[in-house]
Amino acid sequence: MELKKSQTIKNMARAFAGECQAGARYQFLRKQATQKQMPYLAGVLKILATNEMAHAKVLFDKIVGCSKKIIENIEITAGYPFKCGAFDKRFEMEMENERSEAESIYPSFAVKAREEGFEDIAELFDMIGEVEKKHTKIFAQIVKKMRDGTLYASQKPVRWKCSMCGYEHSSTEAWKTCPLCGAPQGAAEIQLDM
C-alpha cells in the first residue's frame with residue numbers, strides 16, 4: 001500500500017497534531033507553576049513539553065520524508081482535549097490524556113500501521129507510546145503527592161535539594177525558603193521516579 005493513500009499517514013498527522021497540542025498545554029501549565037513559585041515543577045513540565053515536541057518533530061519528519069513531493073494537506077478528523085480547571089486538576093487531566101495515548105491511541109495506530117505494511121512506522125508509534133507511559137507515571141506521582149499533601153512533605157525524613165543553588169538537608173518537610181539562596185519551597189526537588 002502507498003503511504004499517502006493509507007490510514008497510517010492520517011494517524012501520523014493526528015499524532016503530530018496531538019503531540020504539538022500536548023507540548024503547548026505543558027508550556028501553559030509550566031507558566032502557571034512558575035507563577036506559583038514552583039520552579040522545580042516548572043522544570044519537570046519543560047522536560048515533558050520538550051519530549052512532546054520531539055515526538056511531533058519525528059512524526060513531521062517521517063511524514064515529509066516518506067513523500068517524494070510536497071504534501072499540501074492531510075485531511076484528518078479527530079478530537080483533542082481542551083479541558084481546563086484548577087492547577088492541581090490540570091495535572092489529573094494531563095495524566096488521563098497521557099494514559100489514553102499510551103494505552104489506546106498509539107497501540108491502535110501501531111496495529112493499523114502493521115496491517116497496512118508499515119512496520120517502521122508501527123515501531124515509531126510503539127516507541128512514542130512507551131514514552132507516554134512514562135509521562136503517565138510522572139503525572140500520577142505528582143497527582144498523588146498533591147492529593148496527599150506530600151509534594152513538599154514526607155512521613156519519614158528525606159533528602160531535599162534546592163534546584164536553584166544545590167543546598168541539601170534531610171527532614172520530613174522541605175524548607176519554606178531555602179536557607180542558602182532564599183528560593184521558595186517550590187524550588188525543592190520533588191521526590192519523583194523519572
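The following legends describe close-up views of a predicted model.

**View 1. The antiparallel β1–β2 pair.** Strand β1, spanning residues 153–161, runs antiparallel to strand β2, spanning residues 168–173, and five bridges join the two. Tryptophan 160 has histidine 169, in β2, as its bridge partner.

**View 2. The turn of the β1–β2 hairpin.** Six residues lie between β1 and β2 in this hairpin. Within the turn, glycine 166 adopts a positive phi of about 90°.

**View 3. The largest cavity and its lining.** One cavity of 30 Å³ or more is found when the whole structure is searched. The largest cavity holds about 40 Å³ of space. Its lining consists of Arg25, Pro81, Phe82, Lys83, Arg90, Met93, Glu94 and Asn97. Grouped by class, the lining of the largest cavity comprises four charged, three nonpolar and one polar residue. Helix α3, residues 87–115, gives the most to this lining, contributing four residues.

**View 4. Glutamate 94 in helix α3.** Glutamate 94, one of the residues lining the largest cavity, has a relative accessible area of 3%. Because this value falls under the 20% limit, glutamate 94 is classed as buried. The side chain of glutamate 94 makes a polar contact of 2.8 Å with the side chain of arginine 25, and Arg25 also belongs to the cavity lining. When residues up to four places away in sequence are not counted, glutamate 94 touches Arg25, Tyr26 and Phe139.

Terms used. Residues are numbered from 1 along each chain as its sequence is written. This is a predicted model: local features need pLDDT of at least 70, side-chain atom pairs count only at pLDDT 80 or more; totals for chains, interfaces and linings use all residues. Side-chain values use heavy atoms; hydrogens and water are left out. Two strands pair if DSSP finds at least two bridges between them. On a 1 Å grid over the protein atoms alone, a cavity is a set of points where a 1.4 Å probe fits but cannot get out, and a pocket is an open set with protein on both sides within 12 Å along at least five of seven lines; lining residues have an atom within 4 Å of a point. Grid points are joined across faces, edges and corners, and a volume is the space filled by probe spheres set on the points. Ala, Val, Leu, Ile, Met, Phe, Trp, Tyr, Cys and Pro count as nonpolar, Asp, Glu, Lys and Arg as charged, and the others, Gly among them, as polar. Buried means under 20% relative accessible area, exposed over 50%, partly exposed in between (1.4 Å probe, protein chains only). A polar contact is a pair of N or O atoms within 3.5 Å; within protein, one must be able to donate a hydrogen and the other to accept it, and residues adjacent in sequence count only if both atoms are side-chain atoms. Contact means heavy atoms within 4.5 Å.
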